[in-house]
Amino acid sequence: MALAAAAGAMAADDKAAAPDSMGFKFTDVKLVKTTPVKDQNKSGTCWCFSGLSFFEDEILRKTGKEMDLSEMFVVRHCYDDKADRYVRMYGGTTYSQGGSGLDVPYVWEAYGIVPEEVYRGLNYGEEKHSHYEMADVLSGVVKAVVKKPGKRTSTAWRKALNGVLDAYLGELPETFTYEGKTYTPQTFAASLPIDVNDYVAITSFTHHPFYKPFVLEVADNWLAGQYYNVPIDEMQAIVDNALENGYSVNWAADVSEGGFKWNNGFAVMPKEKNQADMDGTELSRWVKLSDKDRENERFKFNGPADEMEITQEIRQDMFDRQETTDDHGMVIVGKAVDQKGNPYYKVKNSWDTNQIYDGYFYVSVPYFRAKTMDIYVNKEAVPAATMKKLGLKK
């Protein structure tokens with residue numbers, strides 16, 4: 001994909017805004033090379049799709065080669081290891097389809113990786129991923145185990161769990177042939193230009209000290225992975241610096257907001273309406289609306305509207321009150337502006353391409369500042385001053 005403005009099939013710069021874009025018109029001003037949009041379908045595995053897409057982008061950036069890596073290889077190992085932790089913690093941790101962006105480098109380092117063609121993980125009569133039944137069966141196994149009806153855990157439950165995983169996803173390959181060479185998952189990972197030590201996870205919250213790592217308190221962080229904490233301005237600067245230098249950014253965020261309009265291709269944080277700014281007709285109508293209708297009015301758009309100014313304090317309050325939640329993993333692949341010149345990030349999703357921008361959408365800077373849970377990025381893309389504060393070396 002070209003790096004210049006207006007490049008790629010998703011650019012919308014020389015055509016009128018489509019009817020279902022709610023009046024927005026976006027112009028791409030910076031794009032990094034990225035692999036095609038994928039479809040997680042009916043599986044809670046966005047964390048894996050985004051994490052592997054990010055590593056695929058890194059391989060593409062370094063080698064010029066486009067690769068398609070197996071999400072389900074990673075998912076399979078996580079289900080297994082997550083079950084072990086769940087049982088060892090007497091059921092006191094989360095066992096679900098969810099995960100974090102740090103799960104991908106964890107599996108990469110511990111077990112390796114394989115191409116998509118080697119392990120598709122579709123062993124249950126479907127052409128697209130659908131994990132609801134499998135997830136319920138797996139959950140039933142581990143929940144039965146922690147009940148310890150025999151006063152202690154059996155010696156069979158791990159075999160039972162892996163039997164379920166084999167049945168749905170397929171047995172894991174010990175060796176495979178790819179492009180004429182024979183690999184194990186570990187040797188294949190070693191053949192790729194990815195060293196997980198070259199990357200860093202970043203977040204921005206005030207309930208922990210800045211420039212120190214901490215375990216982010218979200219349920220899907222089952223690995224108790226650590227994230228380096230920086231002020232929100234610096235987290236935004238990291239993303240800007242990465243994109244300007246050709247690096248994509250793995251992005252976890254809350255997508256449950258009223259201003260998140262997936263089918264319309266954008267996410268914004270509009271200001272709440274102020275009665276003092278309304279004329280008499282608007283005000284007389286506004287005061288008669290219910291609270292729900294007023295909220296709905298806030299998220300009706302006819303093009304760009306005034307957005308909230310997101311400070312560190314506002315961001316923290318949203319997290320503390322659990323208005324900002326750990327919902328979804330995606331990849332930031334570019335920068336854009338709307339018709340009024342407001343800046344946006346261009347984001348690649350994993351919800352297929354049957355959407356206005358073929359699987360991409362545009363996130364306003366206020367939305368990013370308010371609703372980002374964390375980012376994962378190559379250390380080379382982090383400004384030197386921030387790296388120094390973190391005590392890290394590139």
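A disulfide is a pair of cysteine sulfur atoms within 2.5 Å. Keep that cut-off in mind for the first stops. This is a predicted model, where local features need pLDDT of at least 70, side-chain atom pairs count only at pLDDT 80 or more, and totals for chains, interfaces and linings use all residues. Residues are numbered from 1 along each chain as its sequence is written, and side-chain values use heavy atoms, without hydrogens and water.

**Cysteines**

Select Cys 46. Its closest cysteine sulfur, in Cys 48, lies 9.6 Å away, too far for a bond. Cys 46 is buried, at 9% relative accessible area (buried means under 20%, with a 1.4 Å probe and protein chains only).

Move to Cys 48. Cys 78 holds the closest cysteine sulfur, 7.1 Å off, again too far for a bond. Cys 48 is buried too, at 0% relative accessibility. The disulfide count is zero.

**Cavities**

A cavity is a set of points on a 1 Å grid over the protein atoms alone, where a 1.4 Å probe fits but cannot get out; lining residues have an atom within 4 Å of a point. The whole structure has two cavities of 30 Å³ or more.

Select its lining: Phe 24, Val 268, Pro 270, Phe 301, Pro 304, Ala 305, Glu 307 and Tyr 344.

Definitions and conventions. Buried means under 20% relative accessible area, exposed over 50%, partly exposed in between (1.4 Å probe, protein chains only). On a 1 Å grid over the protein atoms alone, a cavity is a set of points where a 1.4 Å probe fits but cannot get out, and a pocket is an open set with protein on both sides within 12 Å along at least five of seven lines; lining residues have an atom within 4 Å of a point. Grid points are joined across faces, edges and corners, and a volume is the space filled by probe spheres set on the points.
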